[in-house]
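Here is a report on a multi-chain model.

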Protein chains: 6
Amino acid sequence: MRPSGRQLNQMRNVSFERGFSKHAEGSCFVKFGDTHVLCTASLEERVPPWLRHAGRGWVTAEYGMLPRATGERMRREASAGKQGGRTQEIQRLIGRSLRAVVDLEALGERQISVDCDVIQADGGTRTASITGAWIALYDCLKWMEARSMVKADKVLKDHVAAISCGIFADQPVIDLDYLEDSSAETDANFVMTGTGGIVEIQGTAEGKPFSQDEFLTLMGLAKDGIGELVELQKKTIAGA
Amino acid sequence: MRPSGRQLNQMRNVSFERGFSKHAEGSCFVKFGDTHVLCTASLEERVPPWLRHAGRGWVTAEYGMLPRATGERMRREASAGKQGGRTQEIQRLIGRSLRAVVDLEALGERQISVDCDVIQADGGTRTASITGAWIALYDCLKWMEARSMVKADKVLKDHVAAISCGIFADQPVIDLDYLEDSSAETDANFVMTGTGGIVEIQGTAEGKPFSQDEFLTLMGLAKDGIGELVELQKKTIAGA
Amino acid sequence: MRPSGRQLNQMRNVSFERGFSKHAEGSCFVKFGDTHVLCTASLEERVPPWLRHAGRGWVTAEYGMLPRATGERMRREASAGKQGGRTQEIQRLIGRSLRAVVDLEALGERQISVDCDVIQADGGTRTASITGAWIALYDCLKWMEARSMVKADKVLKDHVAAISCGIFADQPVIDLDYLEDSSAETDANFVMTGTGGIVEIQGTAEGKPFSQDEFLTLMGLAKDGIGELVELQKKTIAGA
Amino acid sequence: MRPSGRQLNQMRNVSFERGFSKHAEGSCFVKFGDTHVLCTASLEERVPPWLRHAGRGWVTAEYGMLPRATGERMRREASAGKQGGRTQEIQRLIGRSLRAVVDLEALGERQISVDCDVIQADGGTRTASITGAWIALYDCLKWMEARSMVKADKVLKDHVAAISCGIFADQPVIDLDYLEDSSAETDANFVMTGTGGIVEIQGTAEGKPFSQDEFLTLMGLAKDGIGELVELQKKTIAGA
Amino acid sequence: MRPSGRQLNQMRNVSFERGFSKHAEGSCFVKFGDTHVLCTASLEERVPPWLRHAGRGWVTAEYGMLPRATGERMRREASAGKQGGRTQEIQRLIGRSLRAVVDLEALGERQISVDCDVIQADGGTRTASITGAWIALYDCLKWMEARSMVKADKVLKDHVAAISCGIFADQPVIDLDYLEDSSAETDANFVMTGTGGIVEIQGTAEGKPFSQDEFLTLMGLAKDGIGELVELQKKTIAGA
Amino acid sequence: MRPSGRQLNQMRNVSFERGFSKHAEGSCFVKFGDTHVLCTASLEERVPPWLRHAGRGWVTAEYGMLPRATGERMRREASAGKQGGRTQEIQRLIGRSLRAVVDLEALGERQISVDCDVIQADGGTRTASITGAWIALYDCLKWMEARSMVKADKVLKDHVAAISCGIFADQPVIDLDYLEDSSAETDANFVMTGTGGIVEIQGTAEGKPFSQDEFLTLMGLAKDGIGELVELQKKTIAGA
């Protein structure tokens, strides 16, 4: 039995609020249950130094958590003077996931910086970030398209979304919340495209090692869940 | 004529959303027009080293802005590796303002950390922060009262709220938004208590120096505005 | 009764020693009683990146204290690896105060960096810094004038000086020394020009809030004191 | 055809040199072809603050590269003032991998710090690090066993080793060297135990997304390769 | 011919002003010509962590330069966020030099921190710092003796002073000023005690290597110069 | 009697392994007994900003120790966030020593960065670094010569090598190992050229001051030892 009463293959309620930010070219406030992340996409007419005059652009991501997004207040990274290892790991993952569905040459010599800031955390902040970031990125490209800068669907080749799966109380479950996450034996994050291609897999045994069969079960759960997330993304951008 | 069409002495719409955060002991999402700040109050059963065994507690504040809270994306302070001078100045101001209405001995040997994170900025982020932080602090103390830790009204002796005033286009105006703020000749922030006492005054000539008379006009505007804000705080905690 | 035996409206002995530094284009060793600050103005033929090709210059300030300028040795900021919030707040104040009386276009595309280093502290280091920095800046501009780079009085439009006032033992007093400052109920710093315009006001209730009347009394004291300081600046640059 | 002429399922020559360090309680100089890593295990009679009095120990890892371990000299992280995101990601991975086969309670209230320093890099530094770190850890525990501190095989429950697989030139290959790694379409790292349990999976599409079938092929390659690595570890500690 | 017109073996005018600081337990403003350093000695009733309960104390030193102590303004180390290599090298030298004449057990479990801050630089700041620091340390110990904490002459076993010598324009000279220092072929710093013992020697060939004979000539010059400095220290503490 | 049983004037076994690194233009793994240092020389087609368009190049050095190079594990400097004072002092010394025998104009507008990383430490790491760095630098220049970039013997004017001497148990000894170094009364490092010129002398009294005669004895020992090291360098580059 899951603490939330959900079925093993049941994700939390997921919602996307587009245009949450007045200033950003694209933005999305994404909720996976009690996990809330604000994703903004900012267009900058410059590229990193190592890409200058290379004829293509860049998409990068930064991730942060408000100090009291969590059950106990965490030290503010700006005050600690550096981003922790976990933060860096997650923002690198978000960036790679988005770039997997972007045609950087079609973007031109520009950078889009996606910021994913966790307003409230209850497990799965990285998967919510990736899934919401896609919407923010899409809206940023639409903003650019409206100004004849790019063709949005030339730049953004596919959807991308992410979900966590894990083995909790000996059962394979999808979309772990904090209670499940903190006592799961195995925790895996999957990032996939709208056409079912795999972009990233991260599986970790927290306690005892897991078997290939267990992993395949998790991947099956993830495939279904990500399918649902992509459908939701499609409805969202269709304005439904 | 103000860009927003407001009267000279008209503040923006102000609203407080209590309990915005699932985790924090007290929280408030405050809006001054398009300036949106999330304030959380976190109780910690420890005090700073220099207060140990001193028989009283501490209230401190930290301030941050999401990178795209502003018209142009700013560099994330956690990534830059330090908090800028402006950030430090503001969080020191918020802390002093709150402590001015707190009885630290009645609080006991505990610390309440108030985080003010600007989700969207349109001028006046520090005054919105102080005004919303009071609600978060109040709710944190009520949470403690419910657990028989303190008497909330023994600890919190008065209201505190803040507003900016300035001289814009040769006219004294209240609650400047970003457009006004960036071209005001004079900019002043006032922090006052519910009983009209002054806690902090910060006045700065951006262009030419100002006179004592001009300053008194601004102070008069502020007094009225803060009176309204305190009324709103009272209605909010009364549950209206 | 003030610990120093001074009258309520009596400042400490103030002196300016010009040309204290062999190397700097302008320099002044300023004493407000036992508070001693070395101010140097350094001309640099470059401007900050955001001002390049803007046709005007910049005046900036940095502030520091020697580790044993104070009663107890403080940690050296260079060793701690960052400037504290108080340091940043003060150096921003000094810079704004000086720029209020400078015509940046008349300065041309150059930067003058004013360093205020507290050799010995006894309260009022920021006001002594501003008052002495004006002399250093003046002498730097005279140095430039001697080389036909600028007309000093075109660049420096007015005097600027600063003083602290506060409520100590229920009495309004001017130019608080450390003993007074550490137990004052209210502490306010005023920065004004030679013609009486107000450039900066910072008032803080340390204990209980203060009233508008109390504040006006302090402003009156400050106006007189700053008038005296400006007279002293005039005598100093006249070589008296 | 692989640049090195290896078969698709052929790993590079792997060797372990035990006792490379005079000082460390356990050490191993591991080579995967031209990738050379020095692993040392250091026993410390203390645990991290959050584990004090918890009745169990900790195993942690740090990772570094000499500046000229790579084809172009990289900036020294000590001189840059921080560890990059990649470094932190890898050292967290090594630590988790080792802890997956350690009984922290059997270790007692002590910490073993494993340092993996890349002396020369040619792809696969993280997998070589994990595989060599196991030997260093084993020897450290044997050192402790000789001093009657622990039973080594109570603390170290199983072997752990790692290998990378990827899709290069449309073919699934094992143990990518730098040339392959820098142009592979998909890159996956697998960490498994001696009994075939999976500890960590990290798969990343560098170019186009990969399918589940492709991933299973890579996992099959990895299982065989890690089997060989574990055999080599066994021979090594048997003194063969 | 030396730029200053001095004889080859002629030091600059050296003076010590005791009690320059109102707050420090011991202080000395030392001048070697235009090189001016403020040395303060601060008593702290604690020792570094690694000396706790070891039954002896510690003497340490920190060194800094005001940004415009030099011909061109240097970046403030507190603002740069770290102390440079030169700063660290010099402050380690000052600390070692002082400890060479201190009986740390006679000092007891206390630390004396000596700060040497260069107010104006014209070559030889490290040698002036050491020589003046001895006076500050002596006065600090006398302050302690007056409070029956130590016997000053049991703690401070001897004088210590320092001078630079070098080969300038093919001639051996003593006490190089900036002009000489910046074009000397060889530069050597000597630290010696009042009884002629050598504490530190640092010799560096700036251009071509030097011979043993040249070095011995420099050492001879240094011995005489340090003899004079020690005489001056003796006169100074005798109150002459 | 020396702990190692060596004669007073007997150095440890010294060996140089050229070409240790696959990537670096020049490299040398140098051993002075149990002190092992990897030296790499990296060619970069750029110079530091202050040398641009000056028509000459630069040779610089960085120094590091692996965390467990020593008897007790030291904190990794990359993780501590800065290089310590000792590290900076040593890397400045290595750089100066190498530049003393390099014709920077003959090098052209390029930089050679020499990294000296201590793999295992047993005293004398800085002298081993300098001595081995010369070989790495030589091989880097030979690599350049093979590509017609420079004439190696025009750039590298002479050999340079270094050795430590000290007074241990009242006897002058050469090439101190860790046991000797940690209890020596006097410790001196000498850097000399192949033709016997002195490049650097650093002598420090650890306990009581030393006399000029003692110092001359140490310098005599050093001269002989460095003579031997230079012979070894010559044999090494001759391929013997």
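## Basis

This is a predicted model: local features need pLDDT of at least 70, side-chain atom pairs count only at pLDDT 80 or more, and totals for chains, interfaces and linings use all residues. Residues are numbered from 1 along each chain as its sequence is written, chains are lettered from A and ligands numbered from 1 in the order in which they are written, and side-chain values use heavy atoms, with hydrogens and water left out.

## Interface of chains C and E

Contact means heavy atoms within 4.5 Å. By that rule, 38 residues of chain C touch 37 residues of chain E. The two chains bury about 2800 Å² between them, 47% of it on carbon and sulfur atoms. Buried area is the accessible area (1.4 Å probe) lost when two parts are put together, summed over both.

The interface of chain C and chain E has 16 salt bridges. A salt bridge puts a side-chain nitrogen of Lys or Arg within 4 Å of a carboxyl oxygen of Asp or Glu. One pairs Lys22(C) with Asp122(E) at 3.7 Å, N to O. On the side of chain C that touches chain E, the elements giving two or more residues are strand 3 (35–44), strand 4 (58–65), helix 1 (77–80) and strand 5 (111–120) of chain C. Helices (H or I, at least four residues) and strands (E, at least two) are DSSP runs, numbered from the N terminus.

Pro67(E) sits in the loop between strand 4 (58–65) and helix 1 (77–80) of chain E. Its contacts include Asp115(C) and Asp117(C), and also Arg73(E) and Met74(E). Pro67(E) is buried, at 3% relative accessibility. Buried means under 20% relative accessible area, exposed over 50%, partly exposed in between (1.4 Å probe, protein chains only).

Chain C and chain D make no contact; their closest C-alpha atoms lie 11 Å apart. Chain B and chain F do not touch either, with nearest C-alpha atoms 11 Å apart.

## Salt bridges within chains

Over all chains, the structure holds 125 salt bridges. In chain A, Glu45(A) pairs with Arg110(A) at 3.1 Å, N to O. These partners are 65 residues apart. Glu45(A) is exposed, at 54%, whereas Arg110(A) is buried, at 15%.

In chain C, Glu180(C) bridges to Arg2(C), with the closest N and O atoms 2.6 Å apart. Glu180(C) lies in helix 6 (residues 178–181) and Arg2(C) in the segment before strand 1 (14–18) of chain C, so the pair ties together parts 178 residues apart in sequence. Glu180(C) has a relative accessible area of 0%, and Arg2(C) has 4%. Both count as buried.

## Aspartates to inspect

Which charged side chain is buried yet has no salt bridge? Asp187(E) is; the nearest side chain of opposite charge, Arg126(E), is 6.3 Å away. Lys and Arg count as positive and Asp and Glu as negative; His and the chain ends are not counted. Asp187(E) lies in strand 8 (residues 186–193) of chain E. Among the residues it touches are Ser164(E), Asp181(E) and Glu206(E).

Asp175(B) is in the loop between strand 7 (171–174) and helix 6 (178–181) of chain B, and is buried at 0%. Asp170(C) is in the loop between strand 6 (160–168) and strand 7 (171–174) of chain C, and is exposed at 61%.

Key
Lists of a residue's contacts leave out its neighbours within four places in sequence.
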